[in-house]
Every structure is written in structure tokens, then in C-alpha cells.
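Work through the exercises below with the model open. Try each task before reading its solution.

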Amino acid sequence: MSSMTPREIVHELDRHIVGQNNAKRAVAIALRNRWRRMQVDADLRGEITPKNILMIGPTGVGKTEIARRLAKLSGAPFIKVEATKFTEVGYVGRDVESIIRDLVESAMKMQRETAMKRVQLSAMEAAEERVLDALLPKARGEQDSDSGANTRQVFRKKLREGELDEKEIEIDLAATPVGVEIMAPPGMEDMTNQLQNMFSSMSNDRKQTSKMTVKQAMKALEEEEAAKLVNNEDIKAMAIESVEQNGIVFLDEIDKVAKRADSGGGADVSREGVQRDLLPLIEGCTVTTKHGMVKTDHILFISSGAFHLSKPSDLIPELQGRLPIRVELSALTPDDFERILTEPSASLTEQQQALLATEGVKIEFSKDGIRRIAETAYEVNERTENIGARRLHTLLERLLEDISFDAGSDQQSFTIDAAYVDSHLNELAQDEDLSRYIL
Ligand SMILES: Nc1ncnc2c1ncn2[C@@H]1O[C@H](COP(=O)(O)OP(=O)(O)OP(=O)(O)O)[C@@H](O)[C@H]1O
């Protein structure tokens, strides 16, 4: 668990997200509180539940990004779900517990990757032995002799230096489990999982001989050996522990399941139903997953919504009480866009430059060029639909389309200044119908 102070967390988030200081502070405190909770006496620890957060702000201003970066920073299992998913026609009552099951799956993946990394070296050595066995298929006794050992040593050296990479060999690999796709009705995911497990375990012990290059064989064998070295039960236990203690669920579009002031009856009933379904998860309950039982008491829920048509007070009172920390994210200005284009580490302009550099094309963004992109994005957002910083992605793609298409042919260096931006985007940006489709 991360032991960073709130100030350090905000500082780290600043590297990726422009502005939105209140939201950054709120999530930083929430994360630190988890660390604080782990420091108190075990008796009291059980009593302290997370202070969940409600982020209020228009689309594309960084709500998801803040939560995602926070999770990454703390190595926490993370999942984003849309609350509206549970109101779709025909899906009423869709199992909200699947949120926790998916979270456990993501934790399993993280834990498995960490465990695999830990055993990487041993796996590589074991794989090397198996490749050498395949390269030098000798009778048993002979391998133990001095000359046998010497040859093996020579081959090992060649193998490590990559000299044998392209040589073809035959190796025995565990057969991949039969792919069985089972379609079950919503809410029956557990049954599907069990059936799938049953089918895959049926084929677990089978081997298949494959012909491949030494390089491919090393990769396949390394994976197989690593899988043998990690203990699945440990991974399960660690995954569940990390979900229970560190898990973060990002519940988007929570405003869309709130009762609306202007509508009456029907749809409200189903929306309220979703809130009631979600409540036990947020209040703390136990969910059965195929890897074990998960208590949701200490999972951090970050909910978010634009709240254009409804207000947080339209949520059912119990849910309001469980989302005590409210933060507002502001709409982005042209100045923010300018900063988003250049400041974050691996910013959009940096990414484009790096991509084109691979073809020997150099692009420079001048200061007035950046300013003009930011202003155009803002104008298009105003005139059509406000999709926040996402507009910068679509605009940049369009702006660099020609360069990107011709890369590698003639001109090798470009300066993107205001004139370039105007000549490539102005016509589109001014035409409302066109920009709706293209920008
Ligand atoms: N303040 C910001 N600083 C840097 N990048 C941002 C900022 N706001 C948005 N972005 C970028 O815009 C994209 C969309 O942002 P994000 O997914 O956080 O939107 P959101 O506010 O969660 O909207 P929605 O509610 O529609 O999901 C991301 O690629 C993100 O990197």
C-alpha cells in the first residue's frame, strides 16, 4: 500500500492532470486515510469505513482520469462501470455483484503478473534447460559425461547470445485449454465460470508437440515454467485481500440513475431500483466470486456524474449518506486545453511527436500553434457538443492527418503554428455540420 502523503499524491497527480485541485485533494485524502486505517488498532480498524466520493462535473474534464491515476499510483485494483448499464431494457436487475467479480478478476491479473515477474529468472533457467534438452536429444548416460556437459555448455552460451534464435526445434507444451464459450442469462455468470473451469481442467494434463523457432520456444516455455512456479491459491488470497483493502470502484453516470425532477413514474422506478441494488455493495456486504468471498466494506467507491438534469439530492438518501465527500470539477477553459496539450508527462503533443519521429518526421508545435488548437477545440465544444478534453484528441488527429499519411515520403520537418492550424482546421471548425461529424 502506498505510504505517500496527500501532498505527494496530489503532486504525482499533477504530472498527468491539469487543474481540478479540489478533486485531487479529495482523492489524495481518501487514499491516505486507507494507510492511516491500517495503522490503527485491529479492533478499531474494522469500524473505519472509507469516505466515498461524489465527483460532479461535465464530461471529459478528468474525473475518470483522476481515479484511474490514483489507482495506478497506489497499485490498487480498479474498475470503471457505468451505473446506467444496470438499467438497460431487458437487463433490469442485472447483477450488480458482477462489479466486484470483475474487480477481483483485475486484481487476479495484477497479482499474477507480479508473481510471474518474481519467478521470471527461475522460469528462464528452466526454459533454457528444456530448450537444451530439445537441441541435444542424447541418451541419458551420455549427458552426464564430460563431453556431454561441455557440449551443453557451448550450446547454452550460443543460446544466451541469440545465435540459435532462428533454429527450429520440437517441444512439448501443455495443451491450451479447449475454448468453450458458454452463454448464460444475466446473473448466472457464476455458473458459466464454473462450467468453463470444469472444461479447462479436463484438458489440463494433455501435452502437445509443436515445432517452432528457439526464440518462440523460449518464450512459450518461460510462460509455462513461470505458471508452474506460481502458487494459484496464494494469488487468489492476495487478490482478494487487495480488493478488500485497496479496491477502487469508479461508478460513472450515477446522475443518470437519479430521479429526475421533470419525469414522472416508470423510468424512475427502475433508476431507483439500481440505486437500491448498489447500496449494499457500498454499505458493505459479502459477494461470492469464483476465487472466494469478498467483503466490500472497505472498497473505495468514487461516483461521478454531470448532474445536468438531476441533483445529488435526487439520489436516494441512503446513497447520499454513503457519498459524503462532494467535489466539483470545473469545465475546461482554452488555457486549460493549452496546458493539457503540453504539460502532462507523455502529453498529446509529445505522443504525436514520438510517433512521427519513428519515420524520421520532425514536428514542432509553436506557442501560437498550441494556442490556436486550444481555442479551436474550445470553440467547437461550444458550438457542437461539449466533450471536454476529448476534443483535443479528435482535433489533433485531423490536424496531423496529412503529415501522418505522407510520413516517410518527402518533407521531413514541420512547424505547427497558428497559420498551419487555421489552414487545416478553420473551414471545418466554422462549419457546424461538418465539425459535428469530423472534429
Ligand atoms: N484536466 C485534465 N488534464 C489532463 N487531461 C485531461 C483532463 N481532463 C480530461 N483529460 C483527458 O481527456 C480524456 C477524457 O477524460 P476523462 O476520461 O477523465 O473524462 P471524465 O471527466 O471522466 O468524463 P466521463 O464522465 O464522460 O467519463 C482523457 O484522455 C484525459 O486524459
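**Exercise 1. Positive phi**

In which loop is the place of Phe307?

Solution. This is a predicted model: local features need pLDDT of at least 70, side-chain atom pairs count only at pLDDT 80 or more, and totals for chains, interfaces and linings use all residues. Residues are numbered from 1 along each chain as its sequence is written.

Step 1. Phe307 sits in the loop between β8 (300–305) and α13 (317–322). Helices (H or I, at least four residues) and strands (E, at least two) are DSSP runs, numbered from the N terminus.

Step 2. Check the backbone. Phe307 is not a glycine, yet has a positive phi of about 50°. Most residues other than glycine have a negative phi.

Step 3. Check burial. A residue is buried if 20 or more other C-beta atoms lie within 10 Å of its own, exposed if 12 or fewer, and partly exposed in between, with C-beta atoms placed from the backbone. Phe307 has 20 C-beta neighbours inside 10 Å, so Phe307 counts as buried.

Step 4. Gln20 lies in the loop between α1 (6–14) and α2 (21–39). Its phi is positive, about 55°, although Gln20 is not a glycine. Gln20 is buried because 25 C-beta neighbours fall inside 10 Å.

**Exercise 2. The ligand shell**

Which residues come nearest among those around the ligand?

Solution. Step 1. Of the 18 residues around the ligand, Thr59, Gly62, Thr64, Glu65 and Ala389 come nearest. Near means a C-beta atom, placed from the backbone, within 6 Å of the molecule or strand.

Step 1. Sort the shell by class: 6 nonpolar, 8 polar and 4 charged residues. Domain 1 and domain 3 each supply at least three residues. Helix α4 gives the most, with 3 residues.

Step 2. Zoom in on Thr64. Thr64 is in helix α4 (residues 63–74). Thr64 is partly exposed because it has 16 C-beta neighbours inside 10 Å. Leaving out residues up to four places away in sequence, Thr64 touches Lys80, Phe250 and Asp252.

Step 3. Compare Glu65, also found in helix α4. Glu65 has 18 other C-beta atoms within 10 Å, so it is partly exposed. With residues up to four places away in sequence not counted, Glu65 touches His16 and Ile17.

**Exercise 3. Nonpolar cores**

How many residues has the largest nonpolar core?

Solution. Step 1. The largest nonpolar core has 79 residues. Such a core is a set of buried Ala, Val, Leu, Ile, Met, Phe, Trp, Tyr and Cys residues joined through C-beta atoms within 7 Å.

Step 1. Residues with the most contacts inside this core include Val104 and Phe337. Domain 1 and domain 3 each contribute at least three residues to this core.

Step 2. Another core, of 10 residues, lies apart from it, with Ala123 and Val214 among them.

Definitions and conventions. Two residues are in contact if their C-beta atoms, placed from the backbone, lie within 7 Å. Ala, Val, Leu, Ile, Met, Phe, Trp, Tyr, Cys and Pro count as nonpolar, Asp, Glu, Lys and Arg as charged, and the others, Gly among them, as polar. Domain bounds come from an automatic or database domain assignment.
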